[in-house]
Amino acid sequence: MGQMEVWLSILIAVLAAAVAGAAAFVLGIGYRKNKAEATIGSAEDEAKRIIGDAVKTAEAKKKEIVLEGKDEIHRLRSESEKELNDRRKEIQHQERRILQKEESLEKKLENAERKEEQIDQKNKKAEERLKEAEQVKKSQFEMLEKISSFSVEQAKEYLLNNLESELVHEKAVKVREFQQQTKEEADRVGREIIALAIQRCAADHVSEAAISVVPLPNDEMKGRIIGREGRNIRAIETLTGVDLIIDDTPEAITLSSFEPVRREVARIALEKLIADGRIHPTRIEETVEKARREVDNTIKQEGERAVLEVGVNGVHHELVKLLGRLRYRTSYGQNVLNHSLEVAYLAGMMASELGLDPTVAKRAGLLHDIGKALDHEMEGSHVQIGVDVAKKYRESEAVVHAIAAHHGDVEAKTVIACLVQAADAISAARPGARRENLENYIKRLEKLEEVARSFDGVDSCYAIQAGREIRVMVKPEKVNDEKMTLLAREICKKIEADLDYPGTIKVNMIRESRAVDYAK
């Protein structure tokens, strides 16, 4: 019994604890629910407040935007009205001017009508007087016929027969005098025209030299240009075909070459290398290629400049490039592009003095030596090459004929061709304009390169050391090391057979093989 009471008390305690826990759980759920509802209510109030603020802000922005739009519309309307008023004023001004011109034209028309009436009256009076003169003349002829017993025709025949013998001698004398006078007058006018053209064309003459001097920042740069065991200077000379002269001249290097294009490429490349400071064979090759592209661009610009200076239009772009190439071409030491410009000026001035079209004369003078830009690449004289090129690019017959006749290869049949001949002779004959020795020297070096280039397997060749050495680059896939010696001997034999030269000429053969690939 006692044990049962213990278990019963324990069961009651457990039940009381369970009831107390359930009550606490129910009370906790109610508390949390009330708290959540309070939080949700405050959040809804805050959301309503934010929405209200947003609505107010939007209304304010809307009003602000509407006001700005009205201001902008007002401003645009004011500007439009101002512009409209300005245009109205301008139209009114134009209308006033038109009215004034109409009044002036009406006055002139009235004056012209009055003058026309006066002229008609004068013409009528002149016709009446002419009729009176005819009647007087007729009566005088009738009176002379009665007195002389000759009719008009008989009198004419009689007088002409008597005067014919006297007039024959006098006509011959007059013709000779007139011919002599005409010849003297033509010579005088021709000399005046040529002298005036020469006086107006004040062109400078500077004979082209065969060397260029490149300044150095210091003498230490000479050693860097030479490179280890001379590899840099050999690379420059091989790639450009120019002889580098490095002597005791302080802070300067001399470039020697008869070919001005090569010399210009070498000069530009060397200046770029000196400014860059990185001098090695690979860099030299890249820089020489860039310099060649620069020279090509300069050639195009020089051609365009020449066409603009002379004032001719519609020249084919290939002819413009050929004109630019003449910038680096010399004839007996005279720059051919400057010579062509001067011939164009002279021919145009003389054509103007003679009352001819100066545009055609300038065009013919500018293009008369265009064949010299290609005479190293094509067979034939520069005259024939120039004629073919002018025909190819559709130049007019007058220009083509002037090119063909400027050296007397064909007879000049137009005045323009004669003017180009005269201008060419004037430009070439000026003191100091040309030098015979330099031209012969250049032709000898060009012939030397041509002989070496005629052999199969030769890639390129350059005459250096004033023609005492020629460097020949061969194609490695066609000429091996054994054939190089034989090819050098064959070139020497052909030089000995075809050329006249003082001393000896060194034939320097160069063969280089390259393999290029790219890592990817």
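Helix α5 (residues 260-276) packs against helix α6 (residues 281-310) at an angle of about 125°, with the two axes 8 Å apart. That angle makes α5 oblique to α6. Angles under 35 degrees count as roughly parallel, over 145 as roughly antiparallel, 65 to 115 as roughly perpendicular and the rest as oblique. On the α5 side, the residues in contact include Val261, Ile268 and Leu273, and on the α6 side they include Ile284, Val288 and Val295. Contact here means heavy atoms within 4.5 Å. The crossing of α5 and α6 is right-handed.

A word on what you are looking at: this is a predicted model, in which local features need pLDDT of at least 70, side-chain atom pairs count only at pLDDT 80 or more, and totals for chains, interfaces and linings use all residues. Residues are numbered from 1 along each chain as its sequence is written, and side-chain values use heavy atoms, with hydrogens and water left out.

## Helix pairs

Here are the helix pairs together. Axes are lines fitted to C-alpha atoms, for helices over the stretch in contact, and angles run from 0 to 180 degrees between N-to-C directions.

| Helix pair | Axis distance | Crossing angle |
|---|---|---|
| α5 and α6 | 8 Å apart | about 125° |
| α9 and α11 | within 9 Å | roughly 45° |
| α8 and α9 | within 7 Å | roughly 155° |

The crossing of α8 and α9 is right-handed. A crossing is left-handed if the near helix is turned anticlockwise from the far one by less than a right angle, and right-handed if clockwise.

## A sheet of strands

Now for the strands. An open sheet of 3 strands has the order β6-β7-β8, with mixed pairing. Its edge strands are β6 and β8 (506-510), each pairing on one side only. Neighbouring strands of this sheet are turned by 20° against each other on average, direction ignored. Two strands pair if DSSP finds at least two bridges between them.

How do β6 and β7 run, and how many bridges join them? Strands β6 and β7 (residues 469-474) are antiparallel and joined by 6 bridges. One example is Cys461, whose bridge partner in β7 is Val472.

Strand β6 (residues 458-464) is mostly covered, with 6 of its 7 residues buried. Buried means under 20% relative accessible area, exposed over 50%, and partly exposed in between (1.4 Å probe, protein chains only).

Another buried residue is Ser256, with a relative accessible area of 14%. Ser256 lies in strand β3 (residues 252-256). Ser256 and Gln465 are 209 residues apart in sequence and 7.6 Å apart in space, C-alpha to C-alpha.

## The whole chain

Stepping back, the protein chain has 14 helices and 8 strands. Helices (H or I, at least four residues) and strands (E, at least two) are DSSP runs, numbered from the N terminus. Of the 520 residues in the protein chain, 31% are buried. Among contacts between residues at least 6 apart in sequence, 64% join residues at least 24 apart.
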